[in-house]
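Here are a few notes to read alongside the structure. Take them one at a time and keep the 3D view open.

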Amino acid sequence: MSFASDLLSQARHLSKLEPRRPKQSSIRRSVSDAYYSVFHLLVEEGGQLLFSGATVKKDVRDLASRSFGHGQMKEVFTNIARQNRNIQNHKFNKYFPGPIPFEIREIAIIFIELQKARHDADYNTAVNHKRNRALDAIEKAEFVFSHWNSLKVNNQAAATNLVGLLLFPERNK
């Protein structure tokens, strides 16, 4: 099982840990783990897409994986989420011929939502979080896993181009 899948499993576990009165630490950590599962899914899968093959050493993939940044990923996903889904945008033409694929738009929107939820869970101690917040974050993370798998199988070129944009965001400005 991958680290990303482990994080998603941990988020599920923490969301159900205390059946009657969940601790804030469990709910908040569950939300955070749901976000990090998505982040690490994209990092792990991205490293494999961009740096696969027998001649590429694991050290190179690991180094590339550490180059992904939360802020730069949010910036790319924000730009993607803002695009009209039915219109081809010149900014992304070289990466996605035609309209941006549905799965990429959904991943972008959910990534942004999960990142905001994680910031809120980790830093906003004034709010008392409920279990449904964690369950919602987990469901969204599961959607990203599903959309990613669909994209990888049905449009590997778009998946690879997305990873390239996430790793080298200055190229899409």
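1. Let's start with who touches whom. This is a predicted model, and if you take the contacts in the protein chain between residues at least 6 apart in sequence, 77% of them join residues at least 24 apart.

2. Next, the overall build. Of its 173 residues, 45% count as buried. The accessible surface is about 9500 Å², and carbon and sulfur atoms account for 51% of that.

3. Now a pair of helices. Two packed helices are described by the angle between their axes and the distance between the axes. Look at H2 (residues 24-50) and H4 (residues 70-81): their axes come within 12 Å and cross at roughly 85°. That angle makes H2 roughly perpendicular to H4, because anything from 65 to 115 degrees counts that way.

4. Which residues make this contact? On the H2 side you'll find Tyr-35, Tyr-36, Phe-39 and Leu-42, while H4 brings His-70, Met-73 and Phe-77. Sorted by class, the contact of H2 with H4 has six nonpolar residues, one polar and no charged ones.

5. Finally, zoom in on Val-43, which sits in helix H2. Is Val-43 buried or exposed? Its relative accessibility is 5%, so Val-43 counts as buried, the cut-off being under 20%. Leaving out residues up to four places away in sequence, Val-43 touches Ser-65 and Phe-68. Val-43 and Ser-65 are 22 residues apart in sequence, yet their C-alpha atoms are 5.6 Å apart in space.

Technical notes
Residues are numbered from 1 along each chain as its sequence is written. This is a predicted model: local features need pLDDT of at least 70, side-chain atom pairs count only at pLDDT 80 or more; totals for chains, interfaces and linings use all residues. Side-chain values use heavy atoms; hydrogens and water are left out. Axes are lines fitted to C-alpha atoms, for helices over the stretch in contact, and angles run from 0 to 180 degrees between N-to-C directions. Helices (H or I, at least four residues) and strands (E, at least two) are DSSP runs, numbered from the N terminus. Angles under 35 degrees count as roughly parallel, over 145 as roughly antiparallel, 65 to 115 as roughly perpendicular and the rest as oblique. Contact means heavy atoms within 4.5 Å. Ala, Val, Leu, Ile, Met, Phe, Trp, Tyr, Cys and Pro count as nonpolar, Asp, Glu, Lys and Arg as charged, and the others, Gly among them, as polar. Buried means under 20% relative accessible area, exposed over 50%, partly exposed in between (1.4 Å probe, protein chains only). Accessible areas come from the Shrake-Rupley method with a 1.4 Å probe; for residues, only the protein chains shown count as cover.
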